Amino acid sequence: MAKPNKQDNNKPRVKIKFLNLLLVLLGADLILLFAPNVGILNSVFYIGDVIGWSSLIVGILLLVLGFKGLYQKR
């Protein structure tokens, strides 16, 4: 008996950009550490509202920039 031919799964492969992955991780760390009233460093030390809100905004911008070009088709 002949073996049936295997059908190739022609799914497009995905490539992840390393720099964008680092931007996502850095943005998430900024948000987790410095978020006003809920951040990890804000619960231990007093960090002003100016630093907290500005790092939250920068963290969100880094997340948006990182996720924008994170995945590429090969």
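Reply: Gladly, and please keep in mind that this is a predicted model.

Me: Why is Leu-25 called partly exposed?

Reply: Leu-25 has its place in helix α1, and its relative accessible area is 47%. A residue is buried under 20% and exposed over 50%, so Leu-25, with its 47%, falls in between and is called partly exposed.

Me: How do you know that the length of α1 agrees with what a helix should span?

Reply: The expected span is 1.5 Å times one less than the number of residues. For the 17 residues of α1 this comes to 24 Å, and because the C-alpha atoms at its ends are 24 Å apart, the two values agree.

Me: What makes one face of α1 the buried one?

Reply: The buried residues of α1 are Asn-20, Val-24, Gly-27 and Phe-34. Seen down the helix axis, these residues fall within an arc of 140°, and therefore they line one face of α1. As a general point, an α-helix has 3.6 residues a turn, so residues three or four places apart point the same way. On the other side of α1, Phe-18 and Leu-32 are exposed, while the cover over the buried residues includes α2 (40-44) and α3 (49-68).

Me: Why does Asn-42 count as buried?

Reply: Asn-42, which lies in helix α2, has a relative accessibility of 18%. Because buried means under 20%, this value places Asn-42 among the buried residues. If neighbours within four places in sequence are left aside, Asn-42 is in contact with Leu-33, Phe-34, Ala-35, Pro-36, Asn-37 and Ile-47.

Me: And where do these helices stand in the whole chain, read along the sequence?

Reply: The protein has three helices and two strands, which follow the pattern β-α-α-α-β along the sequence. Of its 74 residues, 22% are buried. The protein exposes about 6,500 Å², and carbon and sulfur atoms supply 65% of that area.

How values were computed: Residues numbered from 1 in each chain as written. Predicted model: local features only at pLDDT ≥ 70, side-chain atom pairs only at ≥ 80, totals over all residues. Heavy atoms only, no water. Helix = DSSP H or I, 4+ residues; strand = E, 2+ residues; numbered from the N terminus. Buried < 20%, exposed > 50% of the residue type's maximum accessible area, 1.4 Å probe, protein only. Areas by Shrake-Rupley, 256 points an atom, 1.4 Å probe, with all protein chains shown as cover. Arc of directions from axis to C-beta. Contact = heavy atoms within 4.5 Å.
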